[in-house]
Amino acid sequence: MARQIGVSLFETIFMSLIVYAGSSQILAIGLLQAGQPTPSIVLATFLFNLRFFLMSTSLAPHVAKWPWWMRTLFGYQVADESFALLSVKFSRGESHQNFAIAVHMTAYVAWSLFSLIGYLAGSLIPNINRWGLDFALPAVLIGLLFCLIQNRLMVVVAALAAGLALILSKYGLKEWAVMVPAVVAAVCGAGVEQWKKHHS
Amino acid sequence: MAIVTAVPRVVPMWVFSRRTFPPLVMIWLKYIPVAVIAAMLAPQLLLHEGRIDLSAANPYFWVSLPTFVVAWKTKNIFLTVAIGIGCLAIVRF
């Protein structure tokens with residue numbers, strides 16, 4: 001994708017290493033292609049990445065005992081898929097430090113490596129989508145979602161977040177479509193759980 | 001670009017790790033992963049070219065149905081991914 005619009009190999013790899021945010025990189029390539037000015041690309045990326053604020057906050061209590069530099073590196077490598085995987089592990093009480101770091105490191109190295117391979121091979125494979133591989137990420141998220149759901153209330157929370165995300169995306173507020181639905185749906189979930197406690 | 005992607009990720013790790021949250025916030029945080037994943041998924045599966053499309057033109061939606069069933073019944077991520085990719089490949093073939 002980067003190659004098609006004239007971004008160099010070095011720039012592509014550098015971006016993967018430093019920015020390390022797949023959806024943001026794709027978003028940025030799209031905006032570059034549309035001829036958007038740099039400040040608006042950066043702003044869109046920031047809004048788009050506010051969802052990581054939620055993810056990091058959610059993971060933070062599990063890594064409270066780690067030294068600060070480790071938490072910094074760990075936070076820097078928070079990503080959609082590794083967040084989902086580690087949430088499953090932490091919710092089961094399997095919070096081994098080495099495992100969590102290994103997950104993040106593997107994802108980070110693999111991301112950069114495959115940016116390189118992707119850039120070089122992009123023109124060799126004519127249509128990768130034909131093999132259904134583009135569905136890998138949604139399928140991973142579906143699998144992890146069902147591992148995380150523990151009760152009916154969580155199903156309701158998920159449905160609410162999904163509905164809100166749809167509405168926001170449909171009306172062009174894609175940057176907000178993870179952050180806002182997640183906060184609202186989780187507030188509703190916590191509210192209902194608390195209310196049930198007081199009335200049982 | 002690096003700053004705007006790093007700040008939202010790193011700052012909570014510094015600020016929130018050293019404090020204990022009130023119980024209600026902990027309950028709230030428990031719902032965040034499910035809500036975040038659902039919010040990321042829904043537009044990918046249901047929107048096609050900017051609008052909700054449940055027709056044959058949007059195979060992601062149709063392929064997600066068996067994928068959901070496999071995920072729900074087996075809770076096995078590898079099997080879920082394999083079935084999902086396989087179904088999409090068959091649909092496109």
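Partly exposed describes a residue whose relative accessible area falls between the buried range, under 20%, and the exposed range, over 50%. The legends below refer to a predicted model.

**View 1. Trp62(B) and Phe61(B) form an aromatic pair within chain B.** The ring centres of Phe61(B) and Trp62(B) are 5.1 Å apart. Their planes meet at 70°, so the pair is edge-to-face. Trp62(B) has a relative accessibility of 46% and therefore counts as partly exposed. Phe61(B), at 15% relative accessibility, counts as buried.

**View 2. Phe135(A) and Tyr60(B) form an aromatic pair that crosses between chains.** Over all chains, the structure holds 3 aromatic pairs. In this one, the planes of Phe135(A) and Tyr60(B) stand at 75° and the ring centres are 5.2 Å apart, so the pair is edge-to-face. Phe135(A) belongs to the loop between α6 (97-121) and α7 (136-148) of chain A. Tyr60(B) lies in helix α3 (residues 59-74) of chain B. Phe135(A) and Tyr60(B) are both buried.

**View 3. A lysine charge sits over a tryptophan ring in chain B.** The residues are Lys73(B) and Trp72(B). From the centre of the Trp72(B) ring to the charged end of Lys73(B), the distance is 4.1 Å.

View 4. The structure holds 1 salt bridge over all chains. Side chains of opposite charge can pair when their charged atoms come close. Here the N to O distance between the side chains of Glu193(A) and Lys30(B) is 3.0 Å. Lys30(B), with a relative accessible area of 35%, is partly exposed.

**View 5. Cys147(A) and Cys87(B) are in no disulfide.** A disulfide is a covalent bond between the sulfur atoms of two cysteines. The structure holds 0 disulfides over all chains. For Cys147(A), the nearest cysteine sulfur is that of Cys87(B), 18 Å away. Cys147(A) has a relative accessible area of 12%, so this cysteine is buried. For Cys87(B), in turn, the nearest cysteine sulfur is that of Cys147(A). Cys87(B) is partly exposed, because its relative accessible area is 21%.

How values were computed:
Residues are numbered from 1 along each chain as its sequence is written. Chains are lettered from A and ligands numbered from 1 in the order in which they are written. This is a predicted model: local features need pLDDT of at least 70, side-chain atom pairs count only at pLDDT 80 or more; totals for chains, interfaces and linings use all residues. Side-chain values use heavy atoms; hydrogens and water are left out. Rings of Phe, Tyr and Trp (its six-membered ring) pair if their centres lie within 6.5 Å; planes under 30 degrees apart count as stacked, over 60 as edge-to-face and the rest as tilted. Helices (H or I, at least four residues) and strands (E, at least two) are DSSP runs, numbered from the N terminus. Buried means under 20% relative accessible area, exposed over 50%, partly exposed in between (1.4 Å probe, protein chains only). A charge sits over a ring if NZ of Lys or CZ of Arg is within 6 Å of the ring centre and within 35 degrees of the ring normal. A disulfide is a pair of cysteine sulfur atoms within 2.5 Å. A salt bridge is a side-chain nitrogen of Lys or Arg within 4 Å of a carboxyl oxygen of Asp or Glu.
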